[in-house]
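Hi everyone, thanks for making time for this. I'd like to walk you through a few local details of one model, so please have the viewer open.

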Amino acid sequence: MRHSSLFLACFLVAVPLVVSRGQDSVGLAQDSVVHPDRWPTARSPIGLDDAIETRIGELIGKMTLRQKVGQVIQADIGSIQPDDLKTYPLGSILNGGNSAPGGNNRAAAKDWLLLADAFYNASRECDLQGGPFIPLLWGTDAVHGHNNIVGATYFPHNIGLGATRNPALLRKIGEITAREIRVTGQEWTFAPTIAVVRDDRWGRTYEGYAEHPEVTASYTGELIEGIQGVAGDPSFLQGEHVIATAKHFVGDGGTTGGKDQGNNQMSEEDLRDLQAAGYPVAINHGVQCVMASFSEWQGKRLHGHKGLLTDVLKGRMGFDGFIVGDWNAHAQVPGCTATDALPVLEAGLDMYMAADSWRGLFETMLRQAESGDVDMARLDDAVRRILRVKLRAGLFEADSPSSRPLAGKFDELGKPEHRAVARQAVRESLVLLKNNGGVLPLRPNATIVVAGDGADNIGKQSGGWTLSWQGTGNSNDDFPGGTSIYEGIRRQVRAAGGRAILVGDGKPVADSSAMKPAAAIIVFGEDPYAEFQGDVETLAYKPGDDKDYRLLKSYSDRGVPTIAVFLTGRPLWVNREINASDAFVAAWLPGSEGIGVADVLLADRQGQVQYDFKGKLSYSWPRTPMQTPLNVGQAEYDPLFAYGYGLTYSDSTTLPQLSEQASGGETALNLTRYFDRGRAIPPWRIVLASEAERMVLTETRGGTANDAIRVVSADESAQEDIRTITWTGKGQASFALAAENPVDLSAPEFASASIKIRLRVDTPPSSDVTFALATSGGSKSVSLGERISGQQPGVWQELSVPVANLGTGDALKSVTAAMVIQTSGTFKMSLAKVQLDLL
């Protein structure tokens with residue numbers, strides 16, 4: 001029937017490097033068998049201390065079975081309360097990307113320290129049943145600074161740091177990050193990531209320093225010592241230093257297709273030489289923790305790979321710290337679940353990251369230990385390794401977190417000296433790809449327009465792993481002391497007597513000087529993402545969306561010198577945007593100190609260069625959207641910009657017009673995939689609406705619309721890979737996958753297609769539920785009531801709704817929402833996938 005509700009109207013309009021092999025080998029010896037004698041040896045500079053080992057033996061001899069099981073389990077603070085530690089003697093806690101005191105990602109630094117004390121004090125009250133007290137470890141994802149804390153220093157992400165080619169700078173960054181972590185009471189960071197990225201479609205590309213192991217290997221030791229201190233020094237792992245983690249062992253940067261948590265099919269030789277190059281360096285510099293990878297090697301999950309974890313890492317490389325798992329990754333090993341995973345312990349994992357499954361895992365493993373199913377020698381070895389690190393870190397002698405060095409010294413967070421290093425890192429990370437006519441540097445005593453959705457947006461320039469896991473939903477107010485790129489430019493231009501005008505969204509402004517300025521700086525790029533939610537199918541930049549291109553053209557077509565500043569977590573095909581610019585700068589994800597961009601783009605008051613461009617590509621830049629994997633040294637290597645490329649102000653290179661033709665329609669608008677792995681797939685986005693309010697979700701975890709409907713992220717097979725939607729019954733409300741601009745779905749092949757939805761009914765609806773496809777001219781809905789009400793709660797199902805039942809002909813030329821689910825009653829469902837199924 002035709003839908004007459006006014007409510008639906010809200011959706012209706014709207015330098016060449018020689019390497020040893022031609023390319024990464026795949027399909028060789030597909031049996032996942034390793035040969036440890038072919039791997040490099042390493043040697044920790046610490047060595048086993050007789051006194052510590054004797055003390056460990058005494059502790060293990062006194063520990064209860066409950067304590068031993070507890071030591072190998074880590075819980076996320078989002079699923080455990082301090083009082084739980086009075087019953088469960090766990091060895092560790094962590095804060096995942098979206099976990100914070102009280103569930104508030106913007107909690108004050110003092111709240112973090114208070115929570116650290118609360119967990120520590122509760123663990124001291126645990127009923128140990130005669131066993132010795134074992135101090136707790138708190139791990140945090142401080143991957144580009146202490147990035148969970150408001151007011152901390154956020155450094156450029158690793159892809160930008162890779163472009164600096166400055167290992168000494170990396171040591172400073174490690175030192176500063178450790179100092180700021182100590183302020184809020186944690187002792188351990190899950191960094192550095194030393195993956196070598198071989199396919200830029202991977203959503204974690206920006207967490208890697210380079211596509212070639214030379215950069216990663218040159219950084220690893222400096223970072224480890226910056227974070228941990230130097231082995232043998234009194235401050236090692238103590239005072240101003242914390243425990244570092246080399247991750248993810250091993251091969252996650254080389255999965256087929258760049259799929260996160262996917263399958264690395266490299267030969268053992270390539271796995272060793274390309275993917276594992278940083279690990280011997282890390283061990284040689286005293287790293288105390290290694291995190292196992294989610295991924296597979298030749299079809300076998302790394303969390304269950306004894307050959308790599310035990311025989312290679314602990315055996316051949318002599319690693320004597322402990323191996324920690326990734327977020328519930330033990331559940332992905334065949335024969336294991338989140339709460340029952342002994343094969344993972346047997347393979348060599350020492351600490352399970354049982355983020356929200358810790359209670360069930362503890363109870364299951366305790367029963368298994370009591371019944372004799374646990375290899376006690378292996379359990380004792382895992383406990384020994386964990387205690388070894390805790391003793392080396394001085395935790396047995398330390399009191400509550402707030403009593404330790406630097407704790408509570410909140411002026412250390414983002415202090416000027418720290419921000420100065422971050423600002424230097426921004427300057428040195430910028431890569432100049434084009435500077436036709438020597439348009440840069442710009443004289444600051446002029447009128448300069450700054451535009452683009454990244455211009456005055458510290459959250460966007462900081463990317464993922466910033467205050468929240470995906471880095472979304474942040475405003476400039478969340479970064480006290482930080483500077484957006486526009487603000488940095490404004491300060492320097494104003495000081496030189498010029499004028500910087502911020503123009504929003506490319507819209508004309510009343511100020512005539514903004515129409516023909518001396519120059520226009522357009523800041524744009526990828527929106528924040530993390531991990532699998534950032535996986536892409538091609539390297540085309542925002543296919544089907546030409547907003548940024550049109551903005552650039554609006555200035556370049558008027559003869560205004562136009563400078564593009566591209567924010568990105570990977571090299572992307574942006575030929576049109578490069579052509580529309582006189583200068584093009586890859587700024588990566590620079591973090592909180594956007595003023596570092598101004599330092600390089602702007603001359604001083606006398607027109608002289610302040611800082612020259614130093615950055616060199618550590619990733620090859622693609623010539624086409626489909627040119628991936630693209631890595632220096634491979635056969636027929638032909639990038640647009642080669643590994644090591646980067647202009648300086650002394651270069652007079654003129655970049656000719658680039659081809660804007662993408663073969664095979666790689667830049668076509670996504671018409672068939674609407675929602676998957678916890679996120680809407682562009683151009684589609686999640687929109688909630690009630691009778692009183694409409695909101696576009698920008699926060700990854702969810703939101704609410706006037707109390708009538710709320711959405712949160714949840715886990716099915718991976719972290720936050722589904723959304724749970726709750727209708728509260730407080731008025732009519734809808735969940736939609738809508739496009740900012742109408743989309744044409746009128747192609748003949750769509751006429752016989754169906755929209756397929758994978759969903760789970762959590763609470764049956766109290767009134768009818770409808771499904772609609774909205775267009776600029778109206779909408780048509782069908783009832784899902786019988787199909788949903790008859791389903792058993794908690795069971796996943798697939799529903800198919802024929803497109804022909806929702807609209808036909810010209811109406812489908814302007815689709816504004818591919819799916820609108822609406823009800824006025826109470827209803828709760830979880831959504832996993834929505835796509836157009838072509839028959």
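Let's begin with a single glycine: just after helix 15, Gly497 takes a positive phi of about 90°. Keep in mind throughout that we are looking at a predicted model.

Stepping back into the helix itself, which residues of helix 15 are buried? Helix 15 covers residues 485-495, and its buried residues are Ile485, Tyr486, Glu487, Gly488, Ile489, Gln492 and Val493. As a reminder, an α-helix has 3.6 residues a turn, so residues three or four places apart point the same way.

Helix 1, residues 50-62, packs against helix 12, residues 376-392, at an angle of about 125°, and their axes are 10 Å apart. That angle makes helix 1 oblique to helix 12. The crossing of helix 1 past helix 12 is right-handed.

Who meets whom there? From helix 1 we have Ile52, Glu53, Arg55, Ile56, Gly57, Leu59 and Ile60, and they meet Asp380, Val383, Arg384, Leu387, Arg388, Leu391 and Arg392 of helix 12.

On to the strands, and I'll take strand 7, residues 289-292. Cys289 and Met291 point one way, Val290 and Ala292 point the other way, and all are buried.

What does strand 7 pair with? Strand 5, residues 245-249, pairs with strand 7 in the parallel sense over 4 bridges, and here Phe249 stands opposite Ala292. Strand 10, residues 322-324, also pairs with strand 7 in the parallel sense, over 3 bridges. In that pairing, Ile323 of strand 10 is the bridge partner of Val290.

My last stop is an open sheet of 6 strands, with antiparallel pairing and the order 21-20-25-30-27-28. Why is one side of strand 21 and of strand 28 left without a neighbour in the sheet? Strand 21 (694-696) and strand 28 (778-783) stand at the edges and each has a single partner strand, so one side of each has no neighbour in the sheet. On average, neighbouring strands here are turned by 25° against each other, ignoring direction.

Within strand 21, Val696 is the bridge partner of Val687.

That's my tour, and I'm happy to go back to any of these views.

Notes:
Residues are numbered from 1 along each chain as its sequence is written. This is a predicted model: local features need pLDDT of at least 70, side-chain atom pairs count only at pLDDT 80 or more; totals for chains, interfaces and linings use all residues. Side-chain values use heavy atoms; hydrogens and water are left out. Axes are lines fitted to C-alpha atoms, for helices over the stretch in contact, and angles run from 0 to 180 degrees between N-to-C directions. Helices (H or I, at least four residues) and strands (E, at least two) are DSSP runs, numbered from the N terminus. Angles under 35 degrees count as roughly parallel, over 145 as roughly antiparallel, 65 to 115 as roughly perpendicular and the rest as oblique. A crossing is left-handed if the near helix is turned anticlockwise from the far one by less than a right angle, and right-handed if clockwise. Contact means heavy atoms within 4.5 Å. Buried means under 20% relative accessible area, exposed over 50%, partly exposed in between (1.4 Å probe, protein chains only). Two strands pair if DSSP finds at least two bridges between them.
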